[in-house]
Amino acid sequence: MLIIDCPNCGPRPETEFGYGGQAHVAYPADPHALTDEEWAQYLFYRDNPKGSYAERWVHSAGCRKWFNAVRDTRTYEISHVYRQGDPRPDLSKGA
Amino acid sequence: MADSTLTIDPPQEQVGDTTGSAESGSRGIGRAAVLAHRRSPAHDLVEEMEQGSGERVRLRELPFLSQLAVRAASAGRSSAAVAGALGVALPSRVGEVTGATDGSGVAVLWLSPDEVLAVGQDEGRSGLSPDVWSADVAQALASEPGQVVDVSANRTTLELSGPCALQVLQKSCELDLHPRVFPVGAAVATLLGSTGVILWRTGEQSWRVMPRASFATHVVRWLLDGMREFR
Ligand SMILES: [Zn+2]
């Protein structure tokens with residue numbers, strides 16, 4: 001069981017949250033200009049790093065707000081939580 | 001099970017006598033008669049709750065509490081207008097309840113940075129119908145950004161009390177319910193088992209559990225099951 005630190009509610013058990021996949025995937029400026037392959041890339045293709053991964057979570061059973069978290073995919077350790085719209089934390093420092 | 005004949009027994013508990021007669025005629029039927037015909041989400045479990053309750057832990061429904069869902073940024077003119085109409089300052093952080101934190105009057109529960117839940121008395125006691133209440137608060141909000149909705153039917157309220165109430169909750173709730181972390185007068189939205197509820201500590205040994213109406217039966221039976229060893 002992960003304990004996830006909601007930016008609004010503080011630490012809560014993982015079961016209160018929903019997962020939203022990779023963060024910072026911008027909607028295409030002009031979807032109609034994309035080829036089918038580019039559109040498929042946008043819809044379905046995500047990074048799969050071994051290590052720090054910025055991803056979206058929603059506190060479904062609490063404040064019901066979306067936020068971002070940086071999780072290490074090897075250890076499940078969550079190093080940062082930050083509000084939607086805030087920039088991705090600088091991951092070069094620390095682990 | 002079939003209740004198709006609509007022959008409705010009179011309520012077991014007398015509704016307040018402060019309402020109704022003055023309004024009689026305006027809609028063709030007295031307000032008191034309307035209130036008398038309400039059925040709360042856990043009304044058919046009254047006996048089970050009585051039988052499952054004892055000295056150490058008790059469970060009952062507090063039906064029909066008026067509830068307003070308020071969307072307004074936690075600081076600013078919207079929340080000031082709402083607070084003025086409610087007569088209660090709005091809470092601004094997780095767990096915070098303002099007003100009557102023991103549930104004896106109007107209380108306002110923090111749900112998220114831009115959402116609070118105002119909880120008042122049953123119209124049968126207060127004489128204030130939730131749609132009138134919500135209209136008053138919405139009027140105070142005027143053109144400021146925000147939203148006020150009567151959600152009284154969304155959740156029902158269960159009261160779990162007694163010296164072992166905490167132990168019953170701890171079986172199903174993963175939060176730290178120690179008074180140091182979850183003091184009297186605090187409330188949060190969380191999970192009880194796998195069911196979303198608002199959990200509100202109204203006293204040292206007294207909790208309100210507010211599930212959505214359609215989960216009321218499940219939550220009552222779930223709590224009764226947890227209460228069995230303490231009966
Ligand atoms: Zn939250």
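A residue counts as buried when its relative accessible area is under 20%, and as exposed when that area is over 50%. The legends below describe close-up views of a predicted model.

**View 1. The zinc site of chain A.** The zinc ion is held by four donor atoms, namely SG of A:C6, SG of A:C9, ND1 of A:H59 and SG of A:C63, at 2.0 to 2.4 Å. The angles subtended by the 4 donor atoms run from 103 to 119°, which makes the arrangement tetrahedral. For comparison, the ideal angle for four tetrahedral donors is 109.5 degrees. Along the chain, the donors follow the spacing C-x2-C-x49-H-x3-C.

View 2. The volume of the second largest pocket is about 360 Å³. Its lining comprises 24 residues, of which A:R64, B:L111, B:E115, B:R155 and B:R212 are the closest to the centre. In chain B, the elements that give two or more residues to this lining are β2 (65–71), β5 (115–122), β6 (147–150), β8 (187–192) and β9 (195–203). The largest share, 4 residues, comes from β9(B). By residue class, the lining divides into 11 nonpolar, 8 polar and 5 charged residues.

**View 3. The second largest pocket and the domains of chain B.** Domain 2 (40–63 + 156–231) and domain 3 (64–153) of chain B both give residues to the lining of the second largest pocket, so the pocket lies between them.

**View 4. The loop residue B:F64.** B:F64 is found in the loop between β1 (58–62) and β2 of chain B. Its phi is near 65°, a positive value in a residue other than glycine. With a relative accessible area of 25%, B:F64 is partly exposed.

**View 5. The loop residue B:A142.** In chain B, the loop between α5 (130–141) and β6 contains B:A142. Although B:A142 is not a glycine, its phi is positive, at about 50°. B:A142 has a relative accessible area of 59% and is therefore exposed.

Key:
Residues numbered from 1 in each chain as written. Chains lettered and ligands numbered in written order. Predicted model: local features only at pLDDT ≥ 70, side-chain atom pairs only at ≥ 80, totals over all residues. Heavy atoms only, no water. 1 Å grid on protein atoms, 1.4 Å probe; cavity = no way out; pocket = protein on both sides within 12 Å on 5 of 7 lines; lining within 4 Å. Points joined across faces, edges and corners; volume = space filled by probe spheres on them. Nonpolar A, V, L, I, M, F, W, Y, C, P; charged D, E, K, R; others polar. Domains from an automatic or database assignment. Donors = N, O, S within 2.8 Å, 3.2 Å for Na, K, Ca; no water. Tetrahedral: all angles 85-135°; square planar, octahedral: opposite > 155°, others 65-115°. Buried < 20%, exposed > 50% of the residue type's maximum accessible area, 1.4 Å probe, protein only.
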